[in-house]
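Student: I'd like to learn how to read pockets in a protein model. Can you walk me through it with the one below?

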Amino acid sequence: MKSQRILTFSLFLLFLIFTGAVNGQKLMSYVDTRVGSAASIVHDAGAFGAGTEELAQTIPAVLVPNGMNFWTPQTQDTERKCVAPYYYKDSLLQGFRNSHWIVGGCTQDYGSMTLMPVSGTLKCQPAARASRFSHAKETATPAYYSAYLEDYRVKAEMTGTSRAAIFRFTYEQDEAFLVVNPNSDEGEGFIEIDPEKKEIRGYNPVHRIYQGGGKYAGFKGYFVVRFKDVFLSYGTYEKESVAEGNKQTSGKRYIGGYVKLKLPRDKKVMVKVGSSFTGMDAARANLEEEIADWNFQKVRSVLEKVWEKKLSTITVRTTDETAKRKFYGSLYRASFLPHAINDADGSYPAFSAGEPVMKMKSGNYYEDFSMWDTYRALHPLLNIIAPQLNGEMMQSLALKYEQGGWMPIFPCWNSYTAAMIGDHCVATLADAYVKGVRNFDYRAAYEGARKNAFTSPDDVADYKNGMGRRALASYLKHGYIPLEDEVPDAFHRREQVSRTLEYAFDDYTLAQWADSLGKTDDYKQLIKRAGNYKNVIDPSTGWARGRYADGRFIEPFAPLKFQFYITEGTPCHYTWYVPQDVYGLMKVMGGRKAYTQKLDSMFSERLYWHGNEPCHQIPFLFNYAGEPWKTQQQVRHIMESQYMEAPGGLSGNDDAGQMSAWYIFASLGFYPVCPGTPYYIIASPSFEKAVIRLENGKNFTVVARGASARNVYIQSVTLNGTEYTKNYFSHQDIVKGGVLEFVMGDRPNKEWGSKKEDCPPADRDLQLDSGL
């Protein structure tokens, strides 16, 4: 027994050493939450997407992973589209916000509120009350944020839970105020002060953009701010007008409330905030459920443990400390969205209408699915490290279909939108099902996904509201979307070629799901439609190209320039968007040689654009041509050149964690090129050792002997001790647990993974014999 205890302790000690938990070296210490909050310093960030695409749009938040609120410092006072709450360049801090910012994107915040400690003279409006602060006196971790407000000589500290937060403000002066404002740009906010309960309460109605732009979304962000100390005085304000003693104001812009506090002896003011999307009483109940007392350190400690558990789902060993920081920073940024919006008791506003209030039987209800981005890598990552969580997210999509009548395309602010193109809720659901996730109503979800693929709303108003695939009738009639269809009822109009390519992929993923469910007729129709990409690839040039209804390709043609029929990119970017049938694409291009030459040119001519999603699978496509050493080279180059450990270290919008999820996969040495299939394409593992701790209790370990910035090329591979020559592996290889071991070197081994039988499998049912 003694020897067994010694062995157990030794193993535990090794785990602590490996995870960095010895000597206070926590994994969270590798995360600087400010990375991505400044304009990109990556040299080619603006090559194809100047302006907002040069901003990663991330925020330094305190949050529970995928929790309701992102508690963040505020340097920008608005919920307008494309304006994040915080930018590193700003020198003035306006307060602390319970944000629901769709992190990494160019959308909007909603249902938020902001509070700010003030001393000396009362100042209410965000710009007027803003205080100087220094990044040198700022601490930004996922579980704790603090800053010193120079103009008020106040140390501000913040930590929290999913639905609540606790603040500690240490004043040096005697005059202590705290200001609260609902962030309603529409002037529809509400504030109420209750001195007996020592509370400020309020709400901020949620409004839509894209489909239904500006319309009320049917629900509000409610909040209850509770104070530990008594009020010496209080009041409301509108613009610069202050009404001392007034308890309520609403229905106007630039409103809020304030209190003057009796400072305790230590001058530490404690404030708690609870929030809800269903009502004021629910906000108070959430606060009492999640932060019952005034123990700041207790809340912080619990949240730190939550983050250590989250980050330790993947532990890495490397002597490259910068790479380690980039990895865990990426895992932080991949933990925002989708996020829960239900109360602690499971209540949430019904999808697409806000009413009635619904209630989860188990798990959380999730919202803000940035689907054009996250189906590529973020949700596939969750299918590995958190399948239970991803199943709850898939159940949320099923509920949206049941409550709204249509599977959403890009559900945000609990509403339908057609913000981006494609139908990628379908692809995400199919990917989860194919990879064994079953804790969602997959039959109802399939019904909704199938409805999107085969029918359009009878009611024009529903279609304009964002229900159903855009231009589906044209797609079904022609096998592509012709240029004559301008796609008017969408935020992104036209973009016909990109839509065709994305629908063909979505149809393929739905076909895999149909096949798994034994729906043979659906499968046959969908697998045929998966080949529709051929209709917009011009065989005379090998590039994607706009096409008219009579079959003519558009003239003139410039494949390296932005075109109206391509989404956020050029034809040379989107041509590669055929993950379901790469070998068929080779054939359309004129064969393997022509395909490889074009693929080489994407990098040799600096056409590749990592800062936006349509290119993300491109560097992995060399594997299909039997040239995996080129994938290894290019992926590692992208990792080093497009991701830096600095506020401006990301090359484009992080897009709800997709850019960061790409980095996580790439650093582990594989990537899900085609979600909806169980395969991962091998690249170049960058860590000496990485252990993925699976929910089934098993580990999948990637060992890369000799891996370094120089040694990027695979020399040999074994899987569970057996020689392995395939340049891909399956999801089942991961979930069974095991060891994938690489030997790395500084020169390509052009023999490994290069034979036809070593390349990723073709789908024979696409009936596109490559002849290669």
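Student: Which helices each supply at least two residues of the lining of the largest pocket?

Tutor: The general idea first: rolling a probe the size of a water molecule over the atoms shows where empty space is left. Keep in mind that this is a predicted model. Here, helix H4 (296–311) and helix H8 (387–404) each supply at least two lining residues. H4 has the largest share, with 3 residues.

Student: How much space lies in the largest pocket, and which residues lie nearest its centre?

Tutor: The volume comes to about 560 Å³. There are 21 residues in the lining, and those nearest the centre are Pro-65, Lys-309, Lys-310, Ala-386 and Leu-389.

Student: What does the lining of the largest pocket look like by class?

Tutor: Count 9 nonpolar, 6 polar and 6 charged residues.

Student: Now the second largest pocket: how much space lies there?

Tutor: About 380 Å³. Its lining has 23 residues, with Tyr-508, Thr-677, Tyr-679, Pro-761 and Asp-763 closest to the centre.

Student: Which elements give two or more residues to the lining of the second largest pocket?

Tutor: Look for helix H13 (496–516), helix H16 (582–589) and strand E27 (679–682). Of the elements, H13 gives the most, with 4 residues.

Terms used:
Residues numbered from 1 in each chain as written. Predicted model: local features only at pLDDT ≥ 70, side-chain atom pairs only at ≥ 80, totals over all residues. Heavy atoms only, no water. 1 Å grid on protein atoms, 1.4 Å probe; cavity = no way out; pocket = protein on both sides within 12 Å on 5 of 7 lines; lining within 4 Å. Points joined across faces, edges and corners; volume = space filled by probe spheres on them. Nonpolar A, V, L, I, M, F, W, Y, C, P; charged D, E, K, R; others polar.
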